[in-house]
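Please have the sequence and the model open while I talk, and stop me whenever you like.

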Amino acid sequence: MSTQLHAKNLFEHLRHICERPKMFAPDFEIDHLLMFIYGYEAALSDAKQPSQHDHFREWIYQRHPEWRNSPMSWPRHVLVDKGDDLDKALDAIIALLNEFPSRED
């Protein structure tokens, strides 16, 4: 039996990944989330579609301006803020995704 995930945008994909990270990578790490985002955004760019992550990242940086010029990615900042607890970080990312006023791109 296979599980099919239907997502209309990046944010729904990220929610699926955060809810079941081991389904996507048995040794899931927070950097896998960023790699997925980069791949998704590259595919959008190849298809001449606008970025979806740019809006989300800017929204995050408005909430956490100290993260903007950091060499760490925003997902890694969330992980650090949650004491390097991956499950808590993924729950926090889901909460951010739920709060984000996303628009259909």
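Predicted model: local features only at pLDDT ≥ 70, side-chain atom pairs only at ≥ 80, totals over all residues.

**Starting from one leucine**

I would like to begin with L44, which has its place in helix α3, where helices are DSSP runs of H or I of at least four residues, strands are runs of E of at least two, and both are numbered from the N terminus. Residues are numbered from 1 along each chain as its sequence is written, and side-chain values use heavy atoms, with hydrogens and water left out.

Is L44 buried or exposed? With a relative accessible area of 13%, L44 is buried, the term buried meaning under 20% relative accessible area, exposed over 50%, and partly exposed in between, with a 1.4 Å probe and protein chains only. If we leave aside its neighbours within four places in sequence, L44 is in contact with Q49, P50, S51 and Q52, contact meaning heavy atoms within 4.5 Å. L10 lies 34 residues away from L44 along the chain, and the C-alpha atoms of the two are separated by 10.0 Å.

Stepping back to the whole protein chain, we find six helices and zero strands, and the pattern along the sequence reads α-α-α-α-α-α. Of the 105 residues in the protein chain, 37% are buried, and among contacts between residues at least 6 apart in sequence, 50% join residues at least 24 apart.

Let me now turn to the pairing of α3 with α5. Helix α3, residues 30-46, and helix α5, residues 74-81, pack at an angle of about 160°, with their axes 9 Å apart; the axes are lines fitted to C-alpha atoms, for helices over the stretch in contact, and angles run from 0 to 180 degrees between N-to-C directions. The two helices α3 and α5 are therefore roughly antiparallel to each other, a term used for angles over 145 degrees, while under 35 counts as roughly parallel, 65 to 115 as roughly perpendicular and the rest as oblique. Which residues meet there? From α3 come I30, D31, L33, L34 and I37, and they meet W74, P75, R76 and L79 in α5. The residues of this contact divide into seven nonpolar, no polar and two charged, where Ala, Val, Leu, Ile, Met, Phe, Trp, Tyr, Cys and Pro count as nonpolar, Asp, Glu, Lys and Arg as charged, and the others, Gly among them, as polar.

Staying with α5, its buried residues are W74, P75, H77, V78 and L79, and these pack against α3, α4 and α6. In α4, the buried residues are H53, F56, W59, I60 and Y61, and what covers them includes α1, residues 10-19, along with α3, α5 and α6.

Most residues other than glycine have a negative phi.
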